[in-house]
Amino acid sequence: MTTVRHRPVFLLHGLGRNPSSMWILRFHLRRAGLDAQTIGYPSTRLDLDGNVDFVRSELSQCSGAEPIDLVGHSLGGVIARRLGLEDGHPEIGNIVQIGAPNLGSALADRMGPFWAIRRACGPTIADLGKTSTPLPTLTNVTAIAGVIASGKDSATLRGPHDGAVTVRSAWAGAKHRHIVRQAHTLLPTSAAVARFTIAALRPTAHRHHA
């Protein structure tokens, strides 16, 4: 008998959030037949490198011997891409980034110096400043960017944006790109985001003969 199996999918939340912020997306993925799980990490207590190390350790304990797929919102998407560039365990298949500041965020540059923001967001906020350094395009990365109605040029964000991250930054380095009409914080709750994510992950199905 021939069955279709999918890689396990691990969902990574954004800065200052927790796994519950990904539960709606996890529900959609599970309903579509994907083995989706959430991973928590202390996003506001560590810098970017520390968060990458923490998530790597958690994944190595949870994933077993199989390759996995990653879905990350905001900072979680940045971490997912970083892990996808590594050789080692676990092996990363497809990556879906949701509103990830791949080129940083001018909003982080503007708000980062404020003491209250640094206290609330932790050291990672300093790692999310805007950069013009180009990223290599990865064929296994799907990037979903949000756009809000007022998301036009402003004093802080240039070009279409979701209120925190520009489309240009969210799309950088991704082979496959999509836009949804949603604000940054609410992206993981979007049905459109769920549809694009499922479509990106389903091609990883492989035939297993039992």
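## Helix α1 and what follows

Helices here are DSSP runs of H or I with at least four residues, strands are runs of E with at least two, and both are numbered from the N terminus. The model you see is predicted, so local features need pLDDT of at least 70 and side-chain atom pairs count only at pLDDT 80 or more, while totals for chains, interfaces and linings use all residues. Residues are numbered from 1 along each chain as its sequence is written, and side-chain values use heavy atoms, with hydrogens and water left out.

Helix α1 covers residues 23-31, and L25, H28 and L29 are buried in it (under 20% relative accessible area with a 1.4 Å probe, protein chains only). Viewed down the axis of α1, the buried residues fall within an arc of 95 degrees, so they line one face of the helix; the arc is that of the directions from the helix axis to the C-beta atoms. These buried residues pack against β2 (9-12), β3 (36-39), β4 (68-73), β5 (92-98) and α7 (191-201), where contact means heavy atoms within 4.5 Å.

## The whole chain

Of its 210 residues, 49% count as buried. Among contacts with a separation of 6 or more, 74% are between residues 24 or more positions apart.

## The sheet

Which order do the strands of the open sheet follow? Six strands run β3-β2-β4-β5-β6-β7, with parallel pairing; two strands pair if DSSP finds at least two bridges between them. At the edges are β3 and β7 (174-180), each pairing on one side only. Between β4 and β5 there are five bridges, and I68 has I92 in β5 as its bridge partner. Helix α1 packs on this sheet, touching β2, β3, β4 and β5, and its direction makes about 160 degrees with that of β3 (axes are lines fitted to C-alpha atoms, for helices over the stretch in contact, and angles run from 0 to 180 degrees between N-to-C directions).

## Nonpolar cores

A nonpolar core is a set of buried Ala, Val, Leu, Ile, Met, Phe, Trp, Tyr and Cys residues joined through side-chain atoms within 4.5 Å. The largest has 25 residues, and L59 is one of those that touch the most other members. Helix α3 (75-84) is among the elements that give two or more residues to this core, and α3 gives the most, with five residues. Apart from this core lies another, of 20 residues, including V9, M22, A36 and V96.

Key. Buried means under 20% relative accessible area, exposed over 50%, partly exposed in between (1.4 Å probe, protein chains only).
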